[in-house]
Structures are given as structure tokens and as C-alpha cells.
Amino acid sequence: MNKDQKNEVIELLKSKFSQYSNFYITNTESLTVAQVNNLRKVCFDKNVEMKVAKNTLIRKALESLDNEKYAGIYDSLHGVTALMFSDSPKEPAVIISSFRKANNKLEKPVLKAAFVADEIFVGDNQLTALTNIKTKNELIGEIVGLLQSPAKRVIAALLEKGKKEGAVEEAPAAE
């Protein structure tokens with residue numbers, strides 16, 4: 001790879017890091033070609049972009065964007081590295097978990113690090129926590145549900161009270 005090609009890859013990576021607020025750094029070493037292709041297909045179906053790049057080029061791209069912001073990730077850049085870019089903070093974690101289960105409890109891909117909403121998660125032990133992250137739409141749904149809950153209770157109480165008062169008024173008329 002010549003210098004121009006390296007610069008081209010760095011620019012591509014910079015645009016991806018700028019475009020997405022969430023990305024995962026994984027190790028796909030020892031996966032077969034068929035498994036990697038299957039993983040790519042699953043990522044494509046779930047709107048997750050998967051890119052493989054050299055660690056030095058990834059580091060240069062991150063350093064040129066914001067060296068301090070991404071400093072916690074640099075120690076994870078070793079071995080075979082695949083990047084997963086997503087608008088969803090948890091979709092790559094769900095993909096990794098389900099891929100492992102579907103492939104006879106495989107240990108790969110391994111999560112090296114994740115950058116989710118300006119937070120850095122390092123290590124494969126963070127995978128469970130990342131699968132439990134609430135997406136923006138899930139949080140909005142919960143808030144709407146919480147806001148509707150008191151109003152529903154008030155309406156239900158008023159309707160119940162109205163039924164009781166109606167029953168009391170009807171009772172004397174029946175006698």
C-alpha cells in the first residue's frame with residue numbers, strides 16, 4: 001500500500017468516525033471467510049457498516065480528528081481489527097452477541113472497545129452492558145408512557161367515580 005492509498009483510507013475512516021456517533025472495534029481473527037461474510041451480511045441487514053483496516057491507519061484517523069477524545073481506544077488497536085459503525089448505540093453489540101450464539105457459542109468476534117455517545121467501553125466484558133443500552137426511541141417511548149400513566153389513572157378514577165355515583169342515583173329510583 002503506497003502513501004496515497006494510505007491517505008485515502010485515513011480520509012475514508014475520518015469521514016466514517018465523523019458520520020457516526022457510535023462505533024465498535026472488534027477482533028475477527030480466526031473467523032473463517034464464510035463466517036466473516038455471514039457477519040457482514042447480518043451487519044448490512046441491520047444498517048451497521050463493517051470495515052476492516054490497519055490499526056495504524058485507524059489510529060492516525062482518530063488522532064487527526066480529536067486525539068484526546070479517543071485516547072482511551074488506542075490500547076485496543078492491535079491484532080486483526082474490524083470496525084462496526086452504527087447510528088444505534090447497541091445494535092453492533094446485539095449483532096456480536098447473536099452471532100456468537102448462532103455459531104455454536106463462538107468466542108469471536110471479540111469486542112476490543114466501543115465508542116458510544118462520547119463514552120468509551122473497553123473490553124469484551126462490556127458487551128452485556130452495551131446490549132442493555134436503551135436507544136433514543138426506547139427512552140422516548142418510556143418517557144411518553146410515564147407521562148401518560150398519571151393521566152390514564154386520573155381518567156380511570158373519574159370514570160370509576162362516575163359509575164359509582166350513577167349507580168347510587170339509580171338505586172333510589174328503582175325502589
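This is a predicted model: local features need pLDDT of at least 70, side-chain atom pairs count only at pLDDT 80 or more; totals for chains, interfaces and linings use all residues.
1. Lys 134 is partly exposed at 41% relative accessibility, where partly exposed lies between buried (under 20% relative accessible area) and exposed (over 50%), judged with a 1.4 Å probe and protein chains only. Its salt bridge partner is Glu 142, and the closest N and O atoms are 3.2 Å apart. A salt bridge here is a side-chain nitrogen of Lys or Arg within 4 Å of a carboxyl oxygen of Asp or Glu. Glu 142 is also partly exposed, at 39%. Elsewhere, Lys 16, Glu 49 and Lys 51 belong to one network, joined by salt bridges that share partners.

2. Residues are numbered from 1 along each chain as its sequence is written, and side-chain values use heavy atoms, with hydrogens and water left out.

3. The structure holds 9 salt bridges. Side chains of opposite charge can pair when their charged atoms come close. One of the pairs is Lys 14 with Glu 11, whose closest N and O atoms are 3.4 Å apart. Because these two residues are 3 apart in helix α1, about one helical turn separates them. Glu 11 is partly exposed, with a relative accessibility of 47%. Helices (H or I, at least four residues) and strands (E, at least two) are DSSP runs, numbered from the N terminus.

4. A further salt bridge links Asp 118 and Lys 69, with 3.5 Å between the closest N and O atoms. Asp 118 lies in the loop between β4 (110-116) and β5 (119-122), and Lys 69 in the loop between α3 (55-66) and β3 (82-86), so the pair ties together parts that are 49 residues apart in sequence. Asp 118 is exposed at 54%, whereas Lys 69 is partly exposed at 35%.

5. Most residues other than glycine have a negative phi, and most peptide bonds are trans. Asn 47, although not a glycine, has a positive phi of about 60°. Asn 47 sits in the loop between α2 (33-45) and β2 (49-52) and is exposed, at 66% relative accessibility. Ala 117 likewise is not a glycine and has a positive phi, of about 50°. The loop between β4 and β5 contains Ala 117, which is exposed at 54%.

6. The peptide bond joining Lys 108 and Pro 109 is cis, with omega about -5°. Pro 109 is located in the loop between α4 (91-102) and β4.

7. Pro 109 is also among the contacts of Thr 26, once neighbours within four places in sequence are left aside. Contact means heavy atoms within 4.5 Å. Thr 26 belongs to strand β1 (residues 22-27) and is buried, with a relative accessible area of 1%. Its other contacts include Val 80, Met 84, Ile 96 and Leu 111.

8. Lys 3 is one of the residues in a patch of positive charge on the surface, and Lys 6, Lys 54 and Lys 60 gather there too. Patches are made of residues with over 30% relative accessible area and no salt bridge, like charges being joined within 9 Å and nonpolar side chains (Val, Leu, Ile, Met, Phe, Trp, Tyr) within 5 Å. Lys 3 is in helix α1 (residues 3-19) and is exposed at 64% relative accessibility.

Conventions: Accessible areas come from the Shrake-Rupley method with a 1.4 Å probe; for residues, only the protein chains shown count as cover. Lys and Arg count as positive and Asp and Glu as negative; His and the chain ends are not counted. The place of a charge is taken as NZ of Lys, CZ of Arg, CG of Asp or CD of Glu.
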